[in-house]
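Me: I've got a model here and I'd like to walk through it with you. Can you take my questions as they come?

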Amino acid sequence: MDRKKATLIGLAAIVLWSTMVGLIRGVSEGLGPVGGAAMIYTLSGLLCLVTVGFPNLRRFSPRYLIAGSVLFVSYEICLALSLGYATTRHQAIEVGMVNYLWPSLTIVFAILFNRQRSTLWVIPGLLISLLGVSWVLGGENGLYPTEITRNVISNPLSYGLAFVGAFIWAAYCTVTSKYANGQNGITLFVLLTALTLWVKYVFSDQPEMVFSVPVMIKLLMCGVALGFGYASWNIGILHGNVTLLAAASYFTPVLSAALAVVLLNAPLSFSFWQGAMMVCAGSLLCWYATRTRRG
């Protein structure tokens, strides 16, 4: 495939994934946090079967198959439920921003566990990302400890799931880099996520699913975004400009927030955008620390 075309397809994946916060929240409002997530990952899994195909499990190392499955399923559940259990749409966008600590954490994990070479720039990069998330949680006051504490205490489940999820995804990326050996288990992992969510839905007290045209449209869009997003990213990584794709992916927090504002009709304060830019800047600085060491 042409390198430029593959790179554009990879960039399309970033745009598709950036819609996830707004769409997952929109679906959960009609189908419930667990039921909505189960429907999303069922549809996405079916699309992955068509676009990516089911992997040959005999080629997988046992470590990647087990650890990758557990970490992927755990992360996706943390992400979906953190957004679904958010009290308001605005809080859902904030929760989504907490989740975007994972790019910086992924670099840190790669340094600690995969012997990734880097410079000390990774330290201010991580601190800037953490500062950005704190700035977002401070609301209109920015870095205001009292407001940050009040926000987190108001819904510790959502914020906690998003924070833990960021660490889980960083661990998943580390395990994939070390043990995947070029194998792609996305289809299996997405289907396992759907199965896990359906089990939780059946064996726990969940609100009734209320289907409507807007919810069904968002469900379809979300399934397509997730399913085709993974397929597009796979093409971009295999045939496109990986350096450009990696750099572009670190702007996802701002793009995700912007699309969530449109999808959820939830305007954000200027301080939120300041915090979002800090998260992006911190992630880019962490990435730059590894590139500088190589060069």
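Predicted model: local features only at pLDDT ≥ 70, side-chain atom pairs only at ≥ 80, totals over all residues.

Me: Okay, then which loop holds Asn265?

Reply: Asn265 isn't a glycine, yet its phi is positive, about 55 degrees. As for its place, look between helix H13 (252-264) and helix H14 (270-294). The answer is the H13-H14 loop.

Me: And is Asn265 buried or exposed?

Reply: The cut-off for exposed is over 50% relative accessible area. Asn265 comes in at 65% relative accessibility, so it counts as exposed.

Me: Where does Arg115 sit, and what is its phi?

Reply: Arg115 lies in the loop between helix H6 (102-113) and helix H7 (122-137). With 78% relative accessibility, Arg115 counts as exposed. Most residues other than glycine have a negative phi. Arg115 is not a glycine, but its phi is positive, at about 60 degrees.

Me: How far apart are the end C-alpha atoms of helix H3?

Reply: H3 covers residues 33-51, which is 19 residues. At 1.5 Å a residue it should span 27 Å, and the model agrees with that. The end C-alpha atoms are 27 Å apart.

Me: Which helices do the buried residues of H3 pack against?

Reply: The buried residues of H3 include Gly35, Gly36, Ala37, Ala38, Ile40 and Tyr41. Further along H3, Ser44, Gly45, Leu47 and Cys48 are also among the buried ones. Their packing partners are helix H2 (20-31), helix H4 (62-84), helix H10 (186-202) and helix H11 (213-239).

Me: What kind of aromatic pair do Phe272 and Trp273 form?

Reply: The structure holds 18 aromatic pairs, and Phe272 with Trp273 is one of them, with 5.6 Å centre to centre and 85 degrees between the planes. Phe272 is buried at 1% relative accessibility, whereas Trp273 is partly exposed at 26%. Planes over 60 degrees apart count as edge-to-face, so at 85 degrees the pair is edge-to-face.

Me: Which residues is Thr174 in contact with, leaving aside its neighbours within four places in sequence?

Reply: Thr174 belongs to helix H9 (residues 156-179). Its relative accessible area is 9%, so Thr174 is buried. Leaving aside neighbours within four places in sequence, its contacts are Thr106, Phe109, Ala110, Phe113 and Asn114.

Methods. Residues numbered from 1 in each chain as written. Heavy atoms only, no water. Helix = DSSP H or I, 4+ residues; strand = E, 2+ residues; numbered from the N terminus. Expected span 1.5 Å × (residues − 1). Buried < 20%, exposed > 50% of the residue type's maximum accessible area, 1.4 Å probe, protein only. Contact = heavy atoms within 4.5 Å. Phe/Tyr/Trp six-rings, centres within 6.5 Å; stacked < 30°, edge-to-face > 60°.
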